[in-house]
Amino acid sequence: MTSSRSASYSHNVMHDMALVDYFRASIGQRAFILTPSYPFMFIGEIISLVGDQVELAVETTHFAQLENRNWLIHIDNIEVFYIEFPGDPRIPELNDML
Amino acid sequence: MIRRYHVVAIPIRMVVNNFGDHNPDGQMYVLKENEEKVKELIRKNPFTPVELVQPLTIRANEGDTVEILFENQLPFAAGMHFQDLDYNVLTSDGANVGFNPSSLAECGEKLLYRLEATFEGICFFTDVGNISSTEEGSSIQGLFGTLLVERRGSWWTDPVTGGPVNSGVFADIHHPFLPSFREYAWFFHDEMEVDDLTGNRPINAMTNQEAESFHGVNYRYEPLHNRLKLVEEGVVSPEVEGEEVHHDSWMFGDPATPILRGYRDDPAVIRLIHAAAKETHVFHYHAHQWLRDPSNVQSEFVDAQAISPQSHYSIQPLYGLGSLPGTIGDVIIHCHLYPHFEAGMWGLNRIFDTLQDGSQCYPNGTPIAPLQPLPDRPAPPRPTKERPGFPNFIPGKVGCKAPRPPLGIVGGRDMTELEKNVAVPNARPGAVFTDPCMNNSVVEEFNISVIELPIVYNKQGWYDPKGRIYVRDEDLDDVLSGKKEPEPLVLHVAANTCIRVNFTNRLPHILDGDAFQLVTRTYETAFHIHFVKFDVLVADGANVGWNYDSSVLPNETIRYEYFAETELKAFFVHDHLFPVSHQQHGIFGTIVVQPRFSQFLDSKTGEETDKGAEITVHNPLIPDYRDFALFVQDFAFLFDKDGCPIQPPQFPGSPDDPGIFAVNYKNEPLQFRLGKDCDPAYSFSSYVNGDPITPVFQAYEGDSIRIRLLQGAHEESHSFNVHGLRWRSERPSNDSQIRSQQHIGISESFTFEIDIPRAGDYLWAFETEEDVWNGTWGLIRAYDQEVEDLIPLSDRPLPAPRTRPLPEVTGKPPAPADPQSTLPPEAAHNAPIRRYSVVAFQTPILYNSFGDHDPFGIVFALEEDVEDILYGKKNPEPLVLRGNSGDLVEVTLTSRLKFELFPFPDGIHPYPPVKEQAFYPPSLRISLFVNMLDYDVTTSSGSTVGFNPDQTVGPGETITYRWHVQDAMGTCAMWDLADLRNHRSFGTFGAFIAEPRFTTYHDPYTLEPVRTGTNVILNNPFGSLYREFVLIMHDGVRLEDKHGKVIIDPIDGVIPEPDPEDDEVDTYDFGSRGFNYRTERLINRFRKHPVLGDLFSSEVHGDPATPVFEAYPGDPVVIRLTTPSERRRAHTFHLHGHNWKFDPRDIESRIDSYTGHMVAGVTEDLLLIGGAGGTYNYPGDYMYRAGNIRWDIEQGMWGIMRVHSKVQPHLPPLSH
């Protein structure tokens, strides 16, 4: 019983660590993130990792009033993400004046 | 905790406004402690309203037991029937139903009701001892009230004194750790008796005819015809016309109707109740929005909500009073149905920005009553000479029309010093006292005018010579020169847009008179908006209370500013100065707030655009879609090509249901689509008649579409159905139920997100009989191959190049469909097949034991039951088919219709009537349409529409439809679409129930498996056993009595007798009504035993003819409820003593004991909380019934659910 619990615990740790490592390796890149909670969508440059939180310089969210500031997003709250590396498909340029 | 109230039902004289209009025969509930006081006040004030005369509003907390000692001083047995609460039905039902002991009190008696307040919310109560629909009935005369159940631990205070209150429609509610809020009870009610000061029925000063009946709020109404008298007598500014100043406090002082007072940003809840008796109203609250279901954050935003009799909703404005921008001023709340609005069904929400301690006065010298600030909010600043607070900074003149806003009119005035003191720092036209647009937002500017021009509505040349529409200034020349067809204004903006509108009034000063209307000087108009955020003082496009008059005179331009902070769907725009007079001529439109970053394209050319009822939307993040806007209209004042008025009223200016119906300024009446063979079965076929002139929206197979559904005019309910497509009822939630029908009233706005699974023609229709007959239908056409005038969506595969020519009009019926050649789009290839063989045939139907019957019934039945029905062994009931999730259902339909068995072989169907009666002979063809299921629309929708093949069958022919049950959606409605005029009201409808996978269906008495039936036991290996009761609520039935005389309901069913002068029966009220081909018309019982309080008693009358469903306490029960047929008057369904989730699929959804808006196509699944007997499983007889006192219950729309306390030999218990 104990061993299976610790096994699942270690799986969770491994899963979280993999995400943290991946985001840390992507500092300086643009990311697209969906979260289940408000404001649901973020696009911006990854600035740093603070523990298991991603610091993002948010240029676009669903709501314009929440843009142009740094957000800390806990990795457990990231449901979907895409990080844009050179040569990869680009995250769309979103512009209110389109 | 036990809370005790002593309530007395008393007769009372109700003065309903300051003009002395009164109800001499009013009835109301009052607390015993106030009884003498209120009687004394009425004696002293015979001609003015008395504040204590208000619908009784008492309060309790969740978890409380409420004991009500009820004392009856009325001259008939009366009671208090509570919705939503839990109680022992044998002692506390406030009714006399079935074999229960009566819980009504005779005159002079007292009795005790004991109730459990299980759930927070509104618990409406009313009398069901006297359900007469006349002025002798108790509900009509005011006998109703509410118990409001607050969160556990709450207490409440008087908003004026801050002291405790035991009752009252206004209270401040407090809680140890939740925010305090203002609570306002708002009771709509209609048809109450009312006399003027002289004791006569009020007269409309414009038409000099009897005024529209009472339509009010909380025993008050403020009709235009009274205020107009002051204008005509020269007491106030005589140069005005009337309608434009109806709500103007500068002219008339405040109305007698409720004024809901609060400070800016106060949290508030309006407890909205429709207490009685007839109409489905639309509650609209300017400048505020709320969640349709306040307990579910994923429900839809609304700012207008239709409400049927004996229904109720909690309205919790988002962001508190003043909404997001914190606007101050007078915010009008009204029934949006214009004749009701004019008749006085409105009040105000007054939002103050300064403290009211009783030291201030309104501009006319009336003292402002104190208003306690909410204790957990900062108190507003005290008024000063420089900043006197609303409304005292506005430079108006008492007795004259409100002033125009500063800065707004082009070339108009600047601000006064007092106005400058209150204004925001960057005050600008249309945004003076609050800044609606937040930082960062993009500005879009539109130049819009309102113009008059003739509009032709159909191919037969029906036209409105005085069409009035909004149009972009850039399109003025093209529309006026005829290059562009007039259509309702539809503009598109993205969320996060600051919208600026420069609005010019280009209307003539005069709306000319004709058969429909009297000459009216409609000299000022506006652009009133829904949903968006704005400064209500200057940009409401209205003239309300002590606000500015934000309209504009001819040839002047006014500037407005609004903010669309998030995706808000389609917001309604219309005039608010003379809407009663001219909105039905076409003054309505919408601005659709699309998702942020969207790009709008002309669907034909692909060029960017920002307008149009049919566009394509491209978005970089979400799938692209087609956007379609539909506006339904009634009261369209049309003339035929020879200049004869179509359906004029009895006299010009009468609000009594004049005119005809349309969609987007067009209609396509069925009477003109009979074709050469004169067969109604092909009325919708484009092969025979060409495409309709109404919108035929275009898409490719697989496209996503959004339908923006709105109602532009004017008074009535409509039922929107799409055949073969479906959507989620709460768009933000993935858990919500599936729908393919929506009830709509004026000013409501709905967005449906739909995927089109396969090419074909999909019928959309406002499908109550009279609507569709007069042409409120059209198509959504999906192509499988490329067409020239439709761009593909950029994120979908390109359509295949065209290899087959497009179909063409032949004038001949299409070839029969071959459903066996295709599978439904979502069906698996190895789906289990369930087969039914259904026959349509004619047979008399006996509706009750009094001999009321339909000698010309047309029914669907399983083939194995046909003989028993024809030989009289079985009295038919509506066909109920079932299938399980994943099933492929094959329904083989055969027609055995015989021409000689139709009642009106000459092709004129006289009763129940519809407007624009015309030759339309009965079809011998028939079809079976089912909503919501998955099927190929070209073969199995039962709808021979557009260029789809023929899906109807003639005598002796058969067709085998293939329906796929894609989900356990519950109730789906079925009806015939071959002849909506001559078939449906005779019985060609039923229900399909989509059950969970692996479910089996059993007879409740023998437990044998069954293939059909309205009362079954469901057995599912993963769930418990369920009792399933299917109720088909239908109207528009033509019945004959036992002597063969046609029954003209509702008139023939009125108790004790109809008013000989009653002219309130609209075409769509006619016809008998009931459940499952049965009706227990109370008049039959009353003639035998004329005691109102005994009408529902089985002790006296035996059980009703309508279904008596049986169960044991705690049995799991699901009620499958649908209204497949057929008239436009919406009904409410209510089951005594039980509650259910508003949306059975969503655990977050609110709890109700009623369901409103029951019109053609509605489907509901009511999973009774606690099972039979409610939360506490009390045995007894529970009445299910309509909530419309006028005219449903009398006419037989009721029955019983019987919960036995002991095991009955005939009813095996559910084994657990």
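**Exercise 1.** In chain B, what share of the contacts with a separation of 6 or more comes from residues 24 or more positions apart?

*Solution.* Start with the term: two residues are in contact if their C-beta atoms, placed from the backbone, lie within 7 Å. Among the contacts in chain B with a separation of 6 or more, 75% join residues 24 or more positions apart.

The model is predicted: local features need pLDDT of at least 70, side-chain atom pairs count only at pLDDT 80 or more, and totals for chains, interfaces and linings use all residues. Residues are numbered from 1 along each chain as its sequence is written, while chains are lettered from A and ligands numbered from 1 in the order in which they are written.

**Exercise 2.** Describe the overall build of chain B.

*Solution.* Count the elements, taking helices (H or I, at least four residues) and strands (E, at least two) as DSSP runs numbered from the N terminus. Chain B has 14 helices and 66 strands. Along the principal axes, the C-alpha atoms fill a box of roughly 85 × 75 × 55 Å.

**Exercise 3.** Find the partners of strand 1 (residues 2-15) of chain B.

*Solution.* Two strands pair if DSSP finds at least two bridges between them. Strand 1 runs parallel to strand 4 (residues 65-72), joined by 8 bridges; here B:Tyr5 stands opposite B:Ile68. With strand 2 (residues 22-31) the pairing is antiparallel, over 8 bridges, and B:Val15 has B:His22 as its bridge partner. Strands 1 and 2 form a hairpin with 6 residues between them, and B:Gly20 in the turn has a positive phi of about 85°.

**Exercise 4.** Is B:Gly1199 buried or exposed?

*Solution.* Locate the residue: B:Gly1199 lies in strand 66 (residues 1198-1203). A residue is buried if 20 or more other C-beta atoms, placed from the backbone, lie within 10 Å of its own, exposed if 12 or fewer, and partly exposed in between. B:Gly1199 counts as buried because it has 28 C-beta neighbours inside 10 Å. Leaving aside neighbours within four places in sequence, its contacts include B:Phe1075, B:Pro1104 and B:Tyr1184. Across chain B, 63% of the 1216 residues count as buried.
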